[in-house]
Amino acid sequence: MNTPAQQTETSAIPVLWCNADAVTSSVMEAVSFVTPVLENFFIRTVAEGVRAQHDAELARRCQEFIHEESNHSVVHKRFNALLLNRLGKQPPGLSMVAALLDGARRRLSISKRLALAAALEHFAAVISKLYISHEPSLEFESAFAKELFDMHAREELAHRCVVFDLWRAQDNGGRFARIAAIAVALFAGALYVSIAVPWILHRKTGKRYFRTGAGLAGFVAKNLKDTLTRTPVAELFSFVRRDFHPVSLIDDSALNRL
């Protein structure tokens with residue numbers, strides 16, 4: 001991954017840096033904060049899983065995946081450091097995600113960890129596809145942020161099959177394992193967002209509860225129709241199908257033209 005806008009990065013990120021909207025900016029910041037935590041789990045899981053892999057091509061793809069995820073993590077940490085200049089500390093909920101993933105690393109077999117990593121990568125790929133579809137309508141006040149999120153979304157989609165293929169090389173990917181993995185991923189993601197986004201917004205509004213609540217209510221009302229009609233629920237749950245493979249999520253030739 002090429003480092004986004006390092007030469008033009010500023011020492012501060014505007015409060016309303018995406019669409020001039022506090023809630024949209026808060027959601028994007030919540031995503032950025034959790035990204036290094038998730039990527040640390042991906043890297044450690046793939047690094048362990050690939051040790052038993054005798055397919056040279058898959059092993060090469062896994063090494064490229066680890067390299068890209070490491071770069072993503074480094075740049076997101078730099079972006080998050082700028083956000084911390086205003087927020088003061090990381091959002092609550094982040095330690096919960098880290099603890100859950102650490103518990104998975106210590107207690108689950110490598111096969112189960114790969115299943116969870118594959119489900120989380122699928123979730124990230126679906127969100128990245130959604131981001132790219134909305135990207136033309138997004139207005140950024142930070143070139144660093146725009147280039148970071150653009151590049152990350154495209155690279156997430158480009159390597160969307162790697163963890164899934166590594167998992168399938170070690171396990172037949174039974175239906176129960178798929179259901180359990182995607183259920184955990186969606187539950188943890190929803191819980192984190194429901195904690196982190198209001199907290200970040202609360203900081204943006206000067207810690208005013210009424211303005212925070214009004215901002216959230218206004219955002220929901222404004223985007224309710226779009227949320228109900230464009231949220232990719234079917235794509236998220238396609239992971240549980242026996243014939244599912246991440247390659248079907250987006251046409252690679254179309255991705256290359258983005």
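Student: Is histidine 202 buried or exposed in this predicted model?
Tutor: Histidine 202 belongs to helix 7, residues 175-204. The model is predicted, and the relative accessible area of histidine 202 in it is 13%. The cut-off for burial is under 20%. Histidine 202 therefore counts as buried.

Student: Which residues does histidine 202 touch, not counting residues up to four places away in sequence?
Tutor: Histidine 202 sits in helix 7. Close sequence neighbours, up to four places away, are set aside. The residues that histidine 202 then touches are Lys207, Arg208, Tyr209 and Thr212.

Student: Is leucine 216 buried, partly exposed or exposed?
Tutor: Leucine 216 lies in helix 8, which covers residues 209-230. Its relative accessibility is 26%. Buried needs under 20% and exposed needs over 50%. Leucine 216 falls in between, so the class is partly exposed.

Student: What separates the C-alpha atoms of lysine 225 and glutamate 39?
Tutor: Along the chain, lysine 225 and glutamate 39 are 186 residues apart.

Student: How many cavities of 30 Å³ or more does the structure hold, and what space lies in the largest?
Tutor: Rolling a probe the size of a water molecule over the atoms shows where empty space is left. The structure holds one cavity at that cut-off. The space in the largest cavity is about 30 Å³.

Student: Which helix supplies the largest share of the lining of the largest cavity?
Tutor: The lining consists of Ala118, Glu121, His122, Arg160, Val163, Phe164, Phe239, Phe244 and Pro246. Helix 4 (110-134) and helix 6 (162-170) each supply at least two of the lining residues. By class, the lining divides into six nonpolar, one polar and two charged residues. The largest share, three residues, comes from helix 4.

Student: Arg160 lines that cavity. Is arginine 160 buried or exposed?
Tutor: Arginine 160 is in the loop between helix 5 (143-158) and helix 6. Its C-alpha lies 9.4 Å from that of valine 126, 34 residues apart in sequence. Relative accessibility is 3% for arginine 160, so it counts as buried.

Student: How many aromatic pairs are there, and what is the geometry of tryptophan 17 with phenylalanine 79?
Tutor: The count comes to twelve aromatic pairs. Tryptophan 17 and phenylalanine 79 are 5.6 Å apart, centre to centre, with 80 degrees between the planes. Planes over 60 degrees apart count as edge-to-face. The tryptophan 17 and phenylalanine 79 pair is therefore edge-to-face.

Student: Where do tryptophan 17 and phenylalanine 79 lie, and which aromatic cluster holds them?
Tutor: Tryptophan 17 is in the segment before helix 1 (22-49), and phenylalanine 79 is in helix 2 (residues 56-87), 62 residues apart. Both residues are buried. The cluster is made up of Trp17, Phe79, Tyr131, Phe140, Phe144 and Phe149.

Student: What is the phi of asparagine 19, and what is that of alanine 20?
Tutor: Most residues other than glycine have a negative phi. Asparagine 19 and alanine 20 are both found in the segment before helix 1. Asparagine 19 is partly exposed at 31%, and alanine 20 is exposed at 54%. Phi is positive in each: about 60 degrees for asparagine 19 and near 50 degrees for alanine 20.

Student: Where is confidence lowest, and where is it highest, in the protein?
Tutor: The mean pLDDT is 90, and 92% of residues reach 70 or more. Confidence is lowest in helix 10 (residues 252-257), at a mean of 64, and highest in helix 1, at 97.

Notes. Residues numbered from 1 in each chain as written. Predicted model: local features only at pLDDT ≥ 70, side-chain atom pairs only at ≥ 80, totals over all residues. Heavy atoms only, no water. 1 Å grid on protein atoms, 1.4 Å probe; cavity = no way out; pocket = protein on both sides within 12 Å on 5 of 7 lines; lining within 4 Å. Points joined across faces, edges and corners; volume = space filled by probe spheres on them. Helix = DSSP H or I, 4+ residues; strand = E, 2+ residues; numbered from the N terminus. Nonpolar A, V, L, I, M, F, W, Y, C, P; charged D, E, K, R; others polar. Phe/Tyr/Trp six-rings, centres within 6.5 Å; stacked < 30°, edge-to-face > 60°. Buried < 20%, exposed > 50% of the residue type's maximum accessible area, 1.4 Å probe, protein only. pLDDT = per-residue confidence, 0-100. Contact = heavy atoms within 4.5 Å.
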